[in-house]
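This report goes through a protein model by confidence, sheets, helices and loops. The sequence and the structure come first.

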Amino acid sequence: MEYDYKSLLERAREKIPENVKAHERFEMPNPQILYEGNITVIRNFADIADRINREQRHIMAYLMKEIGTSGNMDGRRALFKGRVMSRQIENKINDYIKTFVLCSECGKPDTHLEKEGRILILKCDACGAHRPVTAVITKTTEPVVSEGKTYDVMIEGISRRGDGMVRLDRYTVFVPSTTKGSKVKIKIEKISGNVAFAHVVE
Ligand SMILES: [Zn+2]
């Protein structure tokens, strides 16, 4: 039997006791991601920074390091070199917020960072708790395309055989029965060298 991610999440939620749910009040921001050629754009980057009350520069440095690409800010937007999958960006922003923003005692985002010597301390303005920021920045394992995984993509072209094509990481993915420009959720069926075959699941 198969469950989609949403229903799995809902099932997991149902199993979380009430007192844990209470800590969950902060809703993670939704990055609006789009692609301009080979550039990945977070359209609402400055809005996210404002909302979590952190410096754009700091978030940017974190994301570049974690994603392993270069980037720059462009007005309210953030640009990254290459096509970074939206799921990876979402995960990294969430990781940033968990590490540098949310109080681990009360779960609120009303915090600020202070340097004590060489150590960065996260201080909570809501409950007074503080903790050192252990930015044990884990190397990303996310974007690697693998069989059985699903991805949100936009079909970029059509092959000679008439299948839709999209570039994911270092793979060219063929998706039958799609048209150029259509946004679809695909599931990877098979990978062969730098080529992958997928079908539309939504
Ligand atoms: Zn707190």
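## Overview and confidence

The model is predicted. It holds five helices and 13 strands. Of the 202 residues of the protein, 20% count as buried. Taking contacts between residues at least 6 apart in sequence, 42% join residues at least 24 apart.

The average pLDDT is 86, and 83% of the residues score at least 70. Residues 18-23 form a stretch where pLDDT stays under 50, and the model gives this stretch two contacts beyond four places in sequence. In residues 137-142 pLDDT also stays under 50, with nine contacts beyond four places in sequence. Where pLDDT is low, predicted coordinates should not be read in detail.

## The four-stranded sheet

β1, β2, β4 and β3 make an open sheet of four strands, in the order β1-β2-β4-β3, with antiparallel pairing. β1 and β3 (71-74) are the edge strands; each has a single partner strand, so one side of each has no neighbour in the sheet. On average, neighbouring strands in this sheet are turned by 25° against each other, direction ignored.

Inside the sheet, β2 and β4 (residues 77-81) run antiparallel and are joined by four bridges. I42 stands opposite A78 of β4. Helix α4 lies across β3 and β4, and runs at about 150° to β3.

## The six-stranded sheet

A second open sheet has six strands in the order β8-β12-β13-β11-β10-β9, and its pairing is mixed. Its edges are β8 (150-154) and β9 (157-158); each of these pairs with a single strand, so one side of each is left without a neighbour in the sheet.

F174 stands opposite F197, which belongs to β13.

α4 has 12 residues, which at 1.5 Å a residue should span 16 Å; the end C-alpha atoms are 16 Å apart, in agreement. Its buried residues are I59, L63, E66 and I67. These cover an arc of only 85° around the axis, which puts them on the same side of α4. R57 and A61 are exposed on the other side of the helix. The cover over the buried residues of α4 includes α3, β4 and α5. Just after α4 comes G68, with a positive phi of about 80°.

α5 (residues 86-100) has 15 residues and reaches 21 Å from its first C-alpha to its last, close to the 21 Å expected at 1.5 Å a residue. I89, K92, I93 and Y96 are the buried residues of α5. Their arc around the axis is only 100°, which places them on the same side of α5. Among the elements covering the buried residues of α5 are β1, β2, α3 and α4.

## Loop residues

Which residues is N38 in contact with, leaving aside its neighbours within four places in sequence? They are G82 and R83. N38 sits in the loop between β1 (33-36) and β2 (39-42). It counts as exposed because it has 10 C-beta neighbours inside 10 Å, and the cut-off for exposed is 12 or fewer. The C-alpha atoms of N38 and V84 are 9.3 Å apart in space, while the two residues are 46 residues apart in sequence.

Most residues other than glycine have a negative phi. N53 is not a glycine, yet its phi is positive, near 60°. N53 lies in the loop between α3 (45-52) and α4 (56-67). With 12 other C-beta atoms within 10 Å, N53 is exposed. S177, also not a glycine, has a positive phi of about 60°. The loop that holds S177 is between β11 (171-175) and β12 (183-192). S177 is exposed, with 11 other C-beta atoms within 10 Å.

Terms used
Residues numbered from 1 in each chain as written. Predicted model: local features only at pLDDT ≥ 70, side-chain atom pairs only at ≥ 80, totals over all residues. Helix = DSSP H or I, 4+ residues; strand = E, 2+ residues; numbered from the N terminus. Contact = placed C-beta atoms within 7 Å. Pairing = 2+ DSSP bridges. Expected span 1.5 Å × (residues − 1). Arc of directions from axis to C-beta. Axes fitted to C-alpha atoms, helices over the stretch in contact; angles between N-to-C directions. pLDDT = per-residue confidence, 0-100.
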